[in-house]
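User: Happy to have a model to look at together. Please show it, and then we can go through my questions one by one.

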Amino acid sequence: MQQQKIPSLLSLILKTLRRILTVSWLFLIPAFLLLIIFVLYPVGDTIYQSFLAKGNFVGLQNFNYVLFEKAFPLINIPNIQLGAFPMGALIDNLLWIVIHLPLTVFFGLAFAVLLRDVKGGTIIKSIVFLGVVIPMVVGGLLFRFVYDPDAGVVNALLRLIGLGNYARDFTFYPQTALISIILGSVWIWTGFAMIVYSAGLQGIPVELYEAAEIDGASRWKTFWRITVPMLRSTTLVIITLTVLWELKVFDIVYVATLGGPGGASSVMAYDMYLEAFYSNNLGSASAIAVLLTVLTFGFAAYMVNRMSKM
Amino acid sequence: MSTRSTMFDWLLAILLIIVIIMSGVTIYLLNGVYQATIVTPTATRPSITVYALWSGQEEANFKQALGNFTQETGIDVSYYGYTTQDLLISVPLQLKAPPYPVDVVIAPWPYWILQLSPYLESVNDVINASKFPSSFVNPVKDSSGSIWAAPFKLSGKPGFWYRKSFFTSHGLTVPTTYQQFTNTLLPAIKAIPGIEAAIASGDTVGWPLSDTTEGFLMGLGGYQLQLDLETGPSVRNWTDTEVRDPMSSLTSLLTSGYFSTPADWQSQITKLWNGQYGIYWQGSFMTAQPQIQNVSDIDFFGFPGTDGVSGSIDYAVIPKYAPHLTEAKQLVQYLSGADAQTIMVKQGGFLGTNIDVSVTAYKPIDKEVVDFMGKSGMHVVPDLDDTIGGAWQTTFWTELKLLWTSPNQLNQVLNTLETAAIDQQGT
């Protein structure tokens, strides 16, 4: 009986597998395995860890701790009410989006449009694009030089225009640290927006511009009525990728300010790093990771949905 | 069953076996089972690897001691200089995931070492604990009596350093009371034409500011205050009046503009030497810095009236799975001994931890530091942030940066430090 059961069980498993699997699926299995081991399992484990403290289930306690209770909470309600820094890493990430996003989109579009038909425009575009090519860590180091009180270009400019009294290392002051690195990183990301917009501009039919010219439309009107609407899907792509970059920004903050002074320029990814590797608190680090994932995933899903409807 | 479906069944069966084997191997690797099977590589002439924080002149000095070790034992030593952040973060990750290339790590954080102790080799049989002055040099020991680190170097933070010629040319005198310091010396330095600030403020990840703060805490609150803060909120809170008072004195000087804006700690030494600052709170390693072109022109004075001085110790630790465990133990034994430390002491900017290091080996200025630390009534206290360590240490560093530029936020700083201390040390 036993001998008969084993082959029949094996053939049943094989039959079922045959039914659900085709050869094409077979070839996908190694990739799926890697995905499970290196992506799905860590994601699942991170979510699981976010509900644990020292191995015990603690419900949402880690989330409450990182959002409101720790020394540098993600949302610092008293400081937000006072308009003082640090307001919390989550708020800082949102400030990144509010300030950095419009500036990079604006400058990216401006460079792409203005340099489209200019002789030597490609060279200038290449220079602007250098910001994207250099490693973010180098970008962060550059900020430290840019804002250096003695050798920095920003303070040299201030002295040049007679505002030497205001010359200082802006990354050292809680009121200016965050804005300093945000403004500095506009240069880093503008190249990306410019290149994508340049590609988008290539896709706009020339006939539209010719027709507008025949109709006597001004360049300004042509820009607003043809260029901007035709670049809508490009803009959505840029916004999506830029916001995702702003949500997960880490290296620039790490190198330029270490999230300081007093946590004034911290961001969620940096807070997660501190919780994991300085506090050895995997539960709260996982809670920040989950929050970050929810934010990025939610935003990405919304934007992809919008794009698919266009 | 057709031949084709039989082949397909076989293919599926083979694939299942591969999946099972791959899963097994993955689980085996993820669980770190292979740690137990690490084979120590053998070489005809052993070569070991050391990680530490030193660069520049301090690295060159250390390499002299290592060179002597190689001569004596025939063991080559490769040195890798790490930044504070890299050593704090990446070394624990390496030690938790062997194999790794490092045999000896030198670090100044007792808390960090104790946290890493499951991944370290005990040095009980490597060092002679009786050779270290027990009053201020404690090997990192756990409750079971295991010693996890060998004290190698002592860095005293004796006080404010200054150029003798600068003081002489401007008619400045060393203060003996805090009133003289705040009412006479600082205003006098500030009034000198071309001076940027009376006191230089050094920056790295934060530690030079922490040393200055410790100077104020002990100078105005006593050495016991620092010891209590190291014990944690169960004994002393950061929001207590005993802490707030000395911190208020510090912020009062910050508000008066006596301190410079923090900048790279080494470039600040250059500025001190060039007469852009009058005084600079630094450790005894100051004299080994290349910016000090003439060591006989540099001197220091302790915080007026203080009864405590911070002492930071650099410890040598051996990772449990060091590729050359025997040779690593030899090196640590050598570094904790008098021979290596005498070589280091003779080069300057280094205070030995071993009692057999002769006082005659010290340069005059280093001997002055040793005498200051050993004088009657003075207590050498472990460095505050190195002792507490962990997330509190980074919080302390970043909060002090905030305090230096926004001294009016003292309350917020103390509250944050208290919250971080409770998080880490409990109540």
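Analyst: One term first: a residue is buried when its relative accessible area is under 20%, exposed when over 50%, and partly exposed in between (1.4 Å probe, protein chains only). This is a predicted model, in which local features need pLDDT of at least 70 and side-chain atom pairs count only at pLDDT 80 or more, while totals for chains, interfaces and linings use all residues. Residues are numbered from 1 along each chain as its sequence is written, chains are lettered from A and ligands numbered from 1 in the order in which they are written, and side-chain values use heavy atoms, leaving out hydrogens and water.

User: How many helices and strands does chain B have?

Analyst: Helices (H or I, at least four residues) and strands (E, at least two) are DSSP runs, numbered from the N terminus. The C-alpha atoms of chain B fill a box of roughly 105 × 50 × 40 Å along the principal axes, and 57% of the chain's 427 residues are buried. The count for chain B is 16 helices and 14 strands.

User: What share of the contacts in chain B with a separation of 6 or more comes from residues 24 or more positions apart?

Analyst: A contact means heavy atoms within 4.5 Å. Among contacts in chain B with a separation of 6 or more, the share from residues 24 or more positions apart is 75%.

User: In the salt bridge of B:Asp211 and B:Lys157, how far is N to O?

Analyst: B:Asp211 is in helix 7 (residues 207–221) and B:Lys157 in strand 5 of chain B, distant parts of the chain that are 54 residues apart. B:Asp211 counts as buried at 4% relative accessibility, and B:Lys157 is buried at 6%. From N to O, the side chains meet at 3.1 Å.

User: Is B:Glu242 buried or partly exposed?

Analyst: The side chains of B:Glu242 and B:Arg236 meet in a salt bridge of 3.3 Å, N to O. B:Arg236 counts as buried at 17% relative accessibility. B:Glu242 has a relative accessible area of 41%, so it is partly exposed.

User: Which side chain makes a polar contact with the side chain of B:Asp366?

Analyst: B:Asp366, in helix 13 of chain B, is buried yet has no salt bridge: the nearest side chain of opposite charge, B:Lys363, is 6.4 Å away. (Lys and Arg count as positive and Asp and Glu as negative; His and the chain ends are not counted.) A polar contact is a pair of N or O atoms within 3.5 Å; within protein, one must be able to donate a hydrogen and the other to accept it, and residues adjacent in sequence count only if both atoms are side-chain atoms. At 3.2 Å, the side chain in question is that of B:Thr287.

User: How many residues of helix 12 of chain B are buried?

Analyst: Helix 12 spans residues 338–347 of chain B and is mostly covered. Its cover includes helix 2 (56–73), strand 5 (150–157) and helix 13 (364–374). Among its buried residues is B:Val345, which B:Asp366 touches. The number buried is 7 of 10.

User: Where is A:Lys54, whose phi is positive?

Analyst: Most residues other than glycine have a negative phi. The phi of A:Lys54, however, is near 50 degrees, and this residue is exposed, with a relative accessible area of 87%. Its place in chain A is the loop between strand 1 (52–53) and strand 2 (56–57).

How values were computed: A salt bridge is a side-chain nitrogen of Lys or Arg within 4 Å of a carboxyl oxygen of Asp or Glu. Lists of a residue's contacts leave out its neighbours within four places in sequence.
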